[in-house]
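Work through the exercises below with the model open beside you. Try each task before you read its solution.

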Amino acid sequence: MTDGSWYYAKGGQRVGPFTFAQLQQLAGAGAIAPADPVARDGDAAAAGADVPGLIQPGPGGPARTRLVACPRCQAPVSDAADVCPHCGHTQDPLLARAPGGESAPCPRCHTQSLVRREYAFCFGNCRGCGRPLADLHPGRVLAFRIDQAYADFERWREGPRLWWVGTTAAALGAVAGASLVSPDRPGAFPLLGATGGVFVALALLSPVYYVAFVRGRRGLPLPHDGHRVTAGEWRAAGRRAFDRRRAEHAAGAPEAAAREVRFKVELGLLIAAVIALTVLLNWTHAEGVSHRRAAAAQAGTAMAAGIVATKDEGLFSHEVVLRNDAPAAYEACDLTLVVSFANGRQQSVPLPWGAWGAGERKAVKVSAAGRIERLDLTGTMVDAASRAVGRLDAKFAWPSGGR
Ligand SMILES: [Zn+2]
Ligand SMILES: [Zn+2]
Ligand SMILES: [Zn+2]
């Protein structure tokens with residue numbers, strides 16, 4: 001009795017064909033009024049209300065559904081229908097049952113539309129009144145934005161773990177490398193200072209990042225410009241994130257296992273870095289002590305022709321002090337200092353002094369290219385009292401010793 005092609009008439013036009021089930025859906029959606037003529041192909045028409053089983057008023061009266069246009073064929077469809085009865089196109093209520101989906105009534109026209117839950121923005125327009133869903137559901141958009149800010153916060157909270165390990169290892173490696181290639185290896189104290197500096201910088205970076213990015217994100221962008229997230233909203237975002245993680249954990253244990261492995265790797269790197277730091281500190285300390293002992297034994301003064309030379313070797317530059325120990329004062333000095341390092345390198349330093357008084361000390365900066373082994377001070381000077389031109393050719397030596 002109910003099979004075959006069915007039609008109904010609306011505004012003097014025949015609409016169809018439909019199966020009887022489709023016709024029932026249309027009637028349920030309110031597309032077929034009880035007075036509308038309905039007919040099976042070839043049969044005589046009857047009022048919709050007179051076709052058995054077509055229009056079934058529910059216990060509370062007709063269902064409160066509204067007609068919306070199918071996005072594909074534009075025909076009217078009940079906003080409660082899962083598929084379009086005309087073209088079979090999937091409608092919002094079916095999509096809303098997918099994970100993360102939800103059907104929500106429009107606050108203006110009460111039409112049910114698909115909105116995303118929790119982890120997605122409200123896309124598209126209301127199927128009834130055509131207004132943007134994001135405008136119609138500001139609460140959902142706000143929650144979404146707060147969740148984004150909270151996710152930033154969580155990334156920050158987990159971020160420092162990798163920073164500390166990675167940057168500390170890099171800094172230690174750099175200091176260790178520098179101490180290996182430098183002829184003047186830094187002792188334990190500069191190394192400790194450098195490492196401490198890295199840790200202090202990291203400790204400062206973390207709150208700076210928090211203030212600049214995480215705290216800053218709690219003031220939300222448009223359309224919530226200027227809205228400051230309250231403590232209650234922040235806690236709610238934390239609970240949502242916790243619930244989401246618990247759901248993810250239940251769904252995907254491998255991800256949790258991967259996080260566990262990552263944490264153990266980071267912890268291992270941290271421990272290795274601490275061990276490396278301790279070993280390096282001990283080694284450079286012993287090295288520094290023996291270096292200073294050897295330097296102290298060889299430091300001091302060398303004398304030639306009334307000139308006393310003193311050297312002071314530093315980490316980044318050396319200083320040579322030349323003292324005029326002669327009773328005479330000199331003028332028009334045209335002198336050059338040639339520095340010979342223990343590693344065979346040489347540096348020539350012109351000395352642009354005019355006068356050199358009796359007992360006067362002149363300091364000369366020399367690059368720290370190695371341990372200073374010898375100085376050659378050559379050139380001419382004029383005796384201030386006798387006006388006699390003298391030639392200076394002085395050598396100062398710090399013979400090589402065990403280092
Ligand atoms: Zn259609
Ligand atoms: Zn359709
Ligand atoms: Zn609406």
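**Exercise 1. An annotated stretch**

Task: What is the helix and strand content over residues 6-44, and how far apart are the end C-alpha atoms?

Solution. 
- Step 1. Start with the content. Residues 6-44 are 23% helix and 38% strand.
- Step 2. Now take the ends. The end C-alpha atoms of this stretch are 11 Å apart.
- Step 3. Check the record. An unreviewed UniProt entry annotates residues 6-44 as "domain: GYF".
- Step 4. Keep the source in mind. This is a predicted model.

**Exercise 2. The whole chain**

Task: How many helices and strands does the protein chain have? What share of its 403 residues is buried?

Solution. 
- Step 1. Count the elements. The protein chain has seven helices and 16 strands.
- Step 2. Turn to burial. Of the 403 residues, 34% are buried.
- Step 3. The accessible surface comes to about 22500 Å². Carbon and sulfur atoms account for 60% of that surface.
- Step 4. Look at contacts. Take those between residues at least 6 apart in sequence; 54% of them join residues at least 24 apart.

**Exercise 3. The zinc ion (ligand 2)**

Task: Which residues coordinate the zinc ion (ligand 2)? Why is the arrangement tetrahedral?

Solution. 
- Step 1. List the donors. They are the SG atoms of Cys70, Cys73, Cys84 and Cys87, at 2.2 to 2.4 Å.
- Step 2. Check the angles. The four donor atoms subtend angles of 105 to 116° around the zinc ion (ligand 2). Four donors count as tetrahedral if all angles lie between 85 and 135 degrees. The arrangement is therefore tetrahedral.
- Step 3. Read the spacing. In sequence the donor residues follow C-x2-C-x10-C-x2-C.
- Step 4. Cys70 is in the loop between strand S5 (67-69) and strand S6 (76-78). Cys87 is in the loop between S6 and helix H2 (92-96). The pair is 17 residues apart and links distant parts of the chain.
- Step 5. Buried means under 20% relative accessible area. Cys70 has 1%, so Cys70 is buried. Cys87 has 27%, so Cys87 is partly exposed.
- Step 6. Look for a neighbor. Cys73 bridges the zinc ion (ligand 2) and the zinc ion (ligand 1). The two ions lie 4.1 Å apart.

**Exercise 4. The zinc ion (ligand 3)**

Task: What spacing do the donors of the zinc ion (ligand 3) follow along the chain? Is Cys106 buried or exposed?

Solution. 
- Step 1. Name the donors. Cys106, Cys109, Cys126 and Cys129 each give an SG atom, at 2.3 Å.
- Step 2. Read the spacing. The donors follow C-x2-C-x16-C-x2-C.
- Step 3. Cys106 lies in the loop between strand S7 (101-105) and strand S8 (112-116). Cys129 lies in the loop between S8 and helix H3 (133-136). The pair therefore ties together parts that are 23 residues apart in sequence.
- Step 4. Cys106 has a relative accessible area of 3% and is buried. Cys129 has 29% and is partly exposed.

Terms used. Residues numbered from 1 in each chain as written. Chains lettered and ligands numbered in written order. Predicted model: local features only at pLDDT ≥ 70, side-chain atom pairs only at ≥ 80, totals over all residues. Heavy atoms only, no water. Donors = N, O, S within 2.8 Å, 3.2 Å for Na, K, Ca; no water. Tetrahedral: all angles 85-135°; square planar, octahedral: opposite > 155°, others 65-115°. Helix = DSSP H or I, 4+ residues; strand = E, 2+ residues; numbered from the N terminus. Buried < 20%, exposed > 50% of the residue type's maximum accessible area, 1.4 Å probe, protein only. UniProt positions renumbered as here; feature names shortened; annotations may be inferred. Contact = heavy atoms within 4.5 Å. Areas by Shrake-Rupley, 256 points an atom, 1.4 Å probe, with all protein chains shown as cover.
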